[in-house]
Structures are given as structure tokens and as C-alpha cells.
Amino acid sequence: MRRILFTALACASLLAAGCSSQDTEKTKQEAAQATEQIKEGSKVAAVELKKDAKIAAQQTKAVAAGVKQGLQTDDPPVNVNKATKTQLQTLPGVDEDTADRIVAGRPYHTRDEIGTRGVVSPDEFNAIKDKIAVK
């Protein structure tokens, strides 16, 4: 708003300087008309800005809802026969050495084999058994 006012005053100053032989009343009227046009334009811009802000707020809420939904979605089970070491390390309690042992013990026909073969400890198996699959 200050920028618009400044622009109007600058226009008025330029008009006054450029038209020094012009009647001051006419200069005043031209400045008033220019300011009125700027004022109307700023009102329209303000309405458009409000609309855009409302749309942006709606979109932000939609993004937040999508992020929340994505975070609440369960992760798909990790296929222990095909997963990379890095993917295996996303499982609770599985470090690099454990991931190496899982990879070395492939193939698995059931997920229980990871525990029964001693690839992971019973505690480690209990932590991952619902998060793994054998395909």
C-alpha cells in the first residue's frame, strides 16, 4: 500500500515538474485521477490476493493431511529374499552385520527360518517377524 502511495506521489511530482506552465488546479485534478485509478487497482489486487491466499491455505491443509496419512500408513513388509542390505537395516534392531547374515542365509522359504536357522536372535526375530515377508 505504501508503494502505491509512493508511486502516486511520484507520478504527481513528475506531472507537476513536467507541466510547470500548466494550471495548478489542472495538475491537482490529474494527480487526483491518477491516484484514484491506483486506489481502485489496489482494491482489485487486494481482492485477488485474498482469493489466492484462501486457495493457498486450502492447498496447505491438503498437503498436511496427505503427509499425516502417509505417515500413518503401515510400511509394506520387507522381502528378506530380495531386499538390499540397506532395506534390511530399516528393520528394527537390524544392523549391518545382521543384514549381512540375512543376505548370506538366502533363500528363505518361510519367514520363521530366519529365527530357526539362528540368523538372528530370538529377540531380534520377535522385533522383525511382523515386518518381513518371504516371496
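**View 1. Sequence separation of contacts in the predicted model.** Of the contacts (heavy atoms within 4.5 Å) between residues at least 6 apart in sequence, 44% join residues at least 24 apart. The model is predicted: local features need pLDDT of at least 70, side-chain atom pairs count only at pLDDT 80 or more, and totals for chains, interfaces and linings use all residues. Numbering starts from 1 along each chain as its sequence is written, and side-chain values use heavy atoms, with hydrogens and water left out.

**View 2. Order of helices and strands.** The protein has six helices and two strands, taken as DSSP runs (helices H or I, at least four residues; strands E, at least two) and numbered from the N terminus. Their order along the sequence is α-α-β-α-α-α-α-β.

**View 3. The largest nonpolar core.** This core, a set of buried Ala, Val, Leu, Ile, Met, Phe, Trp, Tyr and Cys residues joined through side-chain atoms within 4.5 Å, has 15 residues. Those with the most contacts inside it are V80, L88, L91, V94, I102, I114 and I132. Helix 4 (96-104) and helix 6 (122-128) are the elements that give two or more residues to this core. Buried means under 20% relative accessible area and exposed over 50%, with a 1.4 Å probe and protein chains only; buried residues make up 19% of the 135 residues in the protein.

**View 4. Surroundings of L91.** Apart from neighbours within four places in sequence, L91 contacts V78, I128, K131 and I132.

**View 5. V63 on helix 2.** V63 lies in helix 2 (residues 24-72). V63 counts as exposed because its relative accessibility is 54%.
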